[in-house]
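Hi,

Here is the structure I promised to pass on. Have a look at it first, and then read on for what I found in it.

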Amino acid sequence: MEPIIEIKSLSKTFGEGQNQVEALRDVSLGINPGEIFGIIGLSGAGKSTLVRCINLLEKPTQGAVLFHGRDLMGLKEKHLRLERRKISMIFQSFNLLEQRNCLDNICFPMELAGIPRKQAREKAMELLHTVGLPDKAKAYPVQLSGGQKQRIAIARALASDPEVLLCDEATSALDPKTTDSILKLLKTINRERGITIIIITHQMSVIEQICNRVAILDAGAVAEIGAVEDVFRNPQSRAGRRLVSPAMPLPVDESIPMARIAFNGNASSDPIIASLTLDLGVKVSIMGADTRNVDGKAFGTMLISLPEAEEKKTEILRYLNAFDGVTAEEV
Amino acid sequence: MTETITALLESWGVNKAAEQVSFLFDPVNIPFAIWETLYAPLCATLFAYLIGLPLGILLVTGEEGGIRPLPKSLMGLINTIINLLRSVPFLILMVLVFPLSRLILGTSIGTTATIIPLTVAAAPYVARLVEGSLREIDRGVVEAAQSMGCSTLQIVTKVMLPECKPSLISGATNATITILGYGAMAGSIGGGGLGSIALMRGHGRGQTVVMYVAVILLVILVQIIQSIGTRLCVKTDKRITHK
């Protein structure tokens with residue numbers, strides 16, 4: 001499949017001389033049409049710079065950005081502006097026009113494209129329905145909650161009929177429940193409109209919930225890239241392991257056998273560790289855990305100690321893997 | 001009524017009470033002075049915005065890291081000229097600008113002639129006010145507009161100016177009042193208006209009652225302009241929900 005967006009050995013350097021900072025180093029990525037692609041990394045990893053390089057809000061120092069096989073960097077300013085309408089973007093801070101009401105905010109990209117006002121308003125009303133806020137047409141951004149503002153921003157992003165939607169930490173300013181509903185909306189948009197979505201985030205729960213593939217960015221370079229299940233079940237890079245189980249440094253004492261348990265959000269609220277000790281009669285210690293409860297579902301990872309005996313280990317892992325939404329493996 | 005007031009003022013020991021009262025109650029003197037007080041500064045404010053608004057926009061968009069950076073040397077030149085004009089005391093500037101007034105209007109005295117020096121003094125001030133207002137805009141909003149394919153001109157006309165409208169209005173209120181103050185000063189060298197009356201007749205000829213009345217009228221005018229500006233600013237600002 002021909003990628004819709006291809007980033008080729010892209011580098012971005014800020015500043016000069018001693019103050020020079022290499023934000024991105026030789027990043028290459030291909031994004032397939034119709035997929036939801038996640039880019040995750042700790043803060044300062046270069047995620048935001050990378051997403052801004054895709055629509056050339058930041059000009060890369062080196063490399064190329066291809067959209068449908070065409071190098072965007074070779075385009076004249078005027079043509080670049082036209083291409084940008086096909087690559088919409090939403091932001092952590094929503095960036096709505098505060099002096100315009102919601103309807104006029106959504107009309108804005110259509111106004112730029114020269115679409116007649118009446119037609120634009122009709123389409124904006126449809127989009128308000130799509131994002132579930134039909135009664136907010138006349139409301140001003142200040143009157144909305146964070147989640148509602150992001151919904152309006154999504155409607156605005158859809159107004160230019162884009163092929164790609166870039167999400168720059170779009171849920172980072174929202175509470176878990178609102179994050180969940182925004183992610184569901186993005187998933188629906190991806191499914192129903194076939195829009196390719198690129199999500200930049202530092203929250204692994206976001207990646208787990210809606211992405212098909214993920215790239216892990218570490219210090220400006222791609223540490224690993226692959227299907228979300230693979231990367232989360234078995235991260236290959238140091239950065240990957242750090243992100244997937246952020247609360248724990250890698251075990252210093254390599255001699256202690258340990259299991260990593262991942263909760264992917266489908267797990268019920270069963271007391272899994274308590275059941276384990278009761279049912280199998282083994283004692284395990286929790287070495288570290290980073291789990292969250294979102295709407296009664298567990299997300300995250302936990303590291304537990306394992307007994308030395310091989311058959312006991314296998315028994316424990318098999319027991320844990322039998323739970324829905326739980327994967328366990330020895331690390 | 002004039003006799004009663006004159007008698008009252010005389011009983012307080014006011015000099016030339018009859019002359020002052022007849023001046024103040026003349027149907028032309030004071031209304032005409034109010035008109036002169038407003039006319040020159042308001043015209044000057046308008047012209048100052050014609051020059052200062054584009055200049056202020058340029059100061060924000062043209063800087064390094066702005067949406068349309070201009071050569072550093074050009075920006076440096078604009079900044080220096082603005083600072084220079086702003087640092088010359090208004091009375092000196094007025095005298096310096098006399099030749100320009102004569103060139104444009106054929107005269108350097110009279111109320112109309114003060115429009116030229118007022119504009120020259122106000123334009124750089126307006127440029128700084130506009131610059132300050134436009135700097136309040138969130139960079140993210142500009143970035144969002146760019147991501148939607150906005151041109152530089154569209155960012156200025158459709159994003160920056162409308163988003164900063166309340167702040168621009170409050171700046172314009174400030175500018176008008178400051179220029180009104182300058183205009184009163186201009187009264188001392190040939191301009192008309194309440195400032196001239198307060199200075200020439202009131203202070204110069206010892207007609208203190210006339211002076212106080214002129215000053216009080218100026219205070220009232222400033223109050224009216226300020227409250228109109230504030231009300232307009234609040235009315236246009238959609239970020240304020242309780243009005």
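One term before the rest: two residues are in contact, or touch, if their C-beta atoms, placed from the backbone, lie within 7 Å. Please also keep in mind that this is a predicted model.

Let me start with a residue that uses that term, A:V284. You'll find A:V284 in the loop between helix 10 (272–280) and strand 12 (286–294) of chain A. Leaving aside residues up to four places away in sequence, A:V284 touches A:I273, A:L276, A:T277, A:I304, A:S305 and A:L306. One of these, A:I273, is 11 residues away along the chain, and its C-alpha atom is separated from that of A:V284 by 8.2 Å.

Now chain A as a whole. Chain A has 11 helices and 14 strands, and its C-alpha trace spans about 75 × 50 × 40 Å along the principal axes. Of its 331 residues, 42% count as buried. If you take the contacts in chain A with a separation of 6 or more, 67% of them are between residues 24 or more positions apart.

Next, the sheets. In one of them, 6 strands of chain A form an open sheet with mixed pairing, in the order 6-7-8-3-9-10. Its edges are strand 6 (87–91) and strand 10 (221–227) of chain A, each of which pairs on one side only. On average, neighbouring strands here are turned by 15° against each other, direction ignored.

At one end of that order, strand 6 of chain A runs parallel to strand 7 (residues 164–168) of chain A, and 5 bridges join the two. A:I87 has A:V164 in strand 7 of chain A as its bridge partner.

As for its neighbours, strand 3 of chain A runs parallel to strand 8 (residues 196–201) of chain A, with 5 bridges between them, and A:I36 stands opposite A:I197 in strand 8 of chain A. Strand 3 of chain A is also joined to strand 9 (residues 213–218) of chain A, again in parallel, by 4 bridges; here A:I40 stands opposite A:I216.

There's also an open sheet of 4 strands in chain A, with antiparallel pairing and the order 2-1-4-5. Strand 2 (21–31) and strand 5 (70–71) of chain A are its edges, each pairing on one side only. Strand 4 (residues 62–67) and strand 5 of chain A pair antiparallel over 2 bridges, with A:F67 opposite A:R70 in strand 5 of chain A.

Finally, the interface: 19 residues of chain B are in contact with 20 residues of chain A. On the chain B side, helix 7 (139–147) and helix 8 (152–163) of chain B are the elements that give two or more residues, and helix 7 of chain B has the largest share, with 6 residues. By class, that side of chain B has 6 nonpolar, 7 polar and 6 charged residues.

Cheers

Terms used: Residues numbered from 1 in each chain as written. Chains lettered and ligands numbered in written order. Predicted model: local features only at pLDDT ≥ 70, side-chain atom pairs only at ≥ 80, totals over all residues. Nonpolar A, V, L, I, M, F, W, Y, C, P; charged D, E, K, R; others polar. Pairing = 2+ DSSP bridges. Axes fitted to C-alpha atoms, helices over the stretch in contact; angles between N-to-C directions. Buried ≥ 20, exposed ≤ 12 C-beta atoms within 10 Å, placed from the backbone.
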